[in-house]
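Work through these exercises with the model open. Each task is followed by a solution in steps.

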Amino acid sequence: MFLDILASLQRLFVGYIPAAVLGSFIGYFIGMNSMIYQLFRLIFQIPHSIPPIALLPIALIAFQESESAAIIVVFLGTLWTMIINTAIGMRHFKRQNNNFRVAIFHLFHALKVSIWVAWFIVIAIEMLTGPKGLGFTLWDAYKAGNADYIIQVIIYIGIIGFMLDQLLDFAAYILSQMVSDGKKSS
């Protein structure tokens, strides 16, 4: 089970981290300019409206290997979510007189929504392609008819998702406190 958890987390972070970084920068630049925001808001809704898992067959054809295909699908699914949510957050940041706490809240909201999407994609892809990871283990338990193991794997998936969410909440809180303390000392 430990190796399956590591395999799932590796897929998650290899696809999520670059998409979160790139998506936050693109979302920032789009969100800070009203004209660009209005133009790209609609353009980015098109790829964002495609369920990321639907890209798996194309990624498998293009990369001929399930690991690379999985990471690309996680990256793309995370990227659109990150861009859109960051751009919306930057619009709120500007409306709130450049309040950095607002920016931190919205940026971390974008990170949280993106990690939920990425985690969902990882588990779904592993169920479809295997041969390792929590999604594969869950599907394997289903095929074996082992309901107890299915429940155990679902609990692991839920706990890991919860811990990732809480980690981002904690980081947002710390950063928000640093911004508040910085204003107090000025």
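**Exercise 1. Find what follows helix 5, then describe the helix itself.**

Solution. This is a predicted model.
Step 1. Go to the residue just after helix 5: Gly 130 has a positive phi of about 60°.
Step 2. Trace the helix. Helix 5 covers residues 100–129, which makes 30 residues. Its first and last C-alpha atoms are 42 Å apart, close to the expected 44 Å.
Step 3. Look at the N-terminal end. Asn 99 is the cap there, with a side-chain oxygen 2.9 Å from the backbone nitrogen of Arg 101.

**Exercise 2. Describe helix 4 and both of its ends.**

Solution.
Step 1. Helix 4 runs over residues 66–95 and reaches 44 Å from first to last C-alpha, close to the 44 Å expected.
Step 2. At its start, Glu 65 brings a side-chain oxygen to within 3.0 Å of the backbone nitrogen of Glu 67.
Step 3. Just after the helix, Asn 97 takes a positive phi of about 55°.
Step 4. Compare with the record. UniProt (unreviewed entry) lists residues 69–90 among its "transmembrane region" features. That span is 100% helix, with its end C-alpha atoms 31 Å apart.

**Exercise 3. Which residues does Arg 11 join into one network?**

Solution.
Step 1. Count the salt bridges: the structure holds 4.
Step 2. Take Glu 67. It pairs with Arg 11, the closest N and O atoms being 3.1 Å apart. The pair links helix 4 to helix 1, 56 residues apart.
Step 3. Take Glu 126. It also forms a salt bridge with Arg 11, at 2.5 Å between the closest N and O atoms. Glu 126 lies in helix 5 and Arg 11 in helix 1, so this pair ties together parts 115 residues apart in sequence.
Step 4. Check burial; the cut-off is under 20% relative accessible area. Arg 11 is buried at 4%, and Glu 126 is buried at 0%. Glu 67, at 23%, counts as partly exposed.
Step 5. Shared partners join Arg 11, Glu 67 and Glu 126 into one network.

**Exercise 4. Are Lys 112 and Asp 165 buried or exposed?**

Solution.
Step 1. Lys 112 forms a salt bridge with Asp 165, with the closest N and O atoms 3.3 Å apart.
Step 2. Lys 112 is in helix 5 and Asp 165 in helix 7, so the pair ties together parts 53 residues apart in sequence.
Step 3. Both residues are buried.

Note on methods: Residues are numbered from 1 along each chain as its sequence is written. This is a predicted model: local features need pLDDT of at least 70, side-chain atom pairs count only at pLDDT 80 or more; totals for chains, interfaces and linings use all residues. Side-chain values use heavy atoms; hydrogens and water are left out. UniProt positions are given in the numbering used here, feature names are shortened, and annotations may be inferred rather than shown by experiment. Helices (H or I, at least four residues) and strands (E, at least two) are DSSP runs, numbered from the N terminus. The expected span of a helix is 1.5 Å times one less than its number of residues. A polar contact is a pair of N or O atoms within 3.5 Å; within protein, one must be able to donate a hydrogen and the other to accept it, and residues adjacent in sequence count only if both atoms are side-chain atoms. A salt bridge is a side-chain nitrogen of Lys or Arg within 4 Å of a carboxyl oxygen of Asp or Glu. Buried means under 20% relative accessible area, exposed over 50%, partly exposed in between (1.4 Å probe, protein chains only).
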